[in-house]
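Q: Could you walk me through the charged side-chain pairs in this one? I'd like to go through them one by one.

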Amino acid sequence: MTSVPALEDLIGTAVRDGATALHLHLEGRSVAAMARQGRALAPLGRFEVTLPWLDGAYTHPGATRMDDRIVIRIDAHGVVRDAMAGLGMPGGMRKQLHAALTLPGGLVLAVAPSPANRRALAEALSAPAGYAPWIAGERHALEAAARMDCDAILIDGLADRSAAALAFDLARAGQRIVIAADAISAVAAIEQLRALKVERHLLGAALRAAVATHAAARLCPDCRLPVQARASESALLGIDPGTVIYRPAGCGACDGTGYAGATQVFEAVVVDGPLHGLLAKGADAALLARHSFLSAPTLAASARTLAREGAITADEAIRIARAAADSAAVGASHPHILISGAIKRGSGLTVDPSCR
């Protein structure tokens, strides 16, 4: 029995074989993978699986589970490729977003302090798209793109109220619009749209979701050092004193740094019926946040989880939590927070300058 491939690779194999669904039959710690081809189930192999792999399968946006079988639909309304998984977004959050993003049209905010991270997130949120050009945030550029038969239009910030109004008009008319927003949190980015005087009824009707990400230095899994959290760390993280967290150590695998690349911390605001009403009525940022995160993690909560899991340090989690808190306190006082600079072409996510 071989080790299981990445779930997206397994789905990709099924897609290339012309399958309409991927069946995963669970047998203890192994899984038998089969591809639906007409009336037959073609075997793809039997694999040993890990608990994180199973969790990813359970929470995949196209997945349904009954007894010992998981079925992932692969059709016009299913998920052929989940670009958000490639960024490291948790499965539950991806599933929540999938329900909102399968609707036609609408406007989505991709929020991050780093230009490269905004770009990567915006492209993931627009996928799959055959033609999704990047444009500047001026009205004339948006007018030109609207005539180009785009699957999605990716906008590098919004220059002014006129451009914002057109973006929302197009989104309501069925064009998917994704705006790369230079902000700290999802609610802060929504507040900046309101600072541009976007009409309340447009904001409530067209906004689908706002997703924020922060990069954090990832601890080296080979040498991270488990320690008990100090009282000050416990208080700032909202965890019990003595909870096990991790610190960098340094080894040959990480060149003595204690770190191995970057990981991403996410939060997502999905506009459901009640939030639609709050936006249309002009509810303040505190009320928007209170509703949005009743059952979903904030940036601070996501960072705390990663610190407890040993993916990042307590200091990184505290840094992100403080940045989010400062953003909430500032509100809409920054007039240019949505006007991001020119995004250089590149791929993947990068560590913010404040990371180690």
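A: What follows is a short tour of the salt bridges in this predicted model.

Q: How many salt bridges are there?
A: The structure holds 8 salt bridges. One of them joins the side chains of Asp182 and Arg118, with an N to O distance of 3.5 Å.

Q: And where do those two residues sit in the chain?
A: They link distant parts of the chain, 64 residues apart, since Asp182 is in the loop between strand S10 (176-181) and helix H8 (186-195), while Arg118 belongs to helix H5 (residues 115-126).

Q: Is Arg118 buried or exposed?
A: Arg118 is buried, because its relative accessible area is 1% and the cut-off for buried is under 20%.

Q: Switching topic, which residues are linked in a network of salt bridges?
A: Arg230, Glu233 and Arg247 are linked in such a network. Within it, the side chains of Glu233 and Arg230 meet at 3.1 Å, N to O.

Q: What about accessibility for Glu233 and Arg230?
A: Glu233 is buried, with a relative accessible area of 3%, whereas Arg230 is partly exposed, with a value of 45%.

Q: One more: what does Arg319 pair with?
A: Arg319 forms a salt bridge with Glu316, and the closest N and O atoms of the pair are 2.9 Å apart.

Q: Where does that pair lie, and is it buried or exposed?
A: Both residues lie in helix H14 (residues 314-330), where Arg319 and Glu316 are 3 residues apart, about one turn of the helix, and both of them are buried.

Technical notes
Residues are numbered from 1 along each chain as its sequence is written. This is a predicted model: local features need pLDDT of at least 70, side-chain atom pairs count only at pLDDT 80 or more; totals for chains, interfaces and linings use all residues. Side-chain values use heavy atoms; hydrogens and water are left out. A salt bridge is a side-chain nitrogen of Lys or Arg within 4 Å of a carboxyl oxygen of Asp or Glu. Helices (H or I, at least four residues) and strands (E, at least two) are DSSP runs, numbered from the N terminus. Buried means under 20% relative accessible area, exposed over 50%, partly exposed in between (1.4 Å probe, protein chains only).
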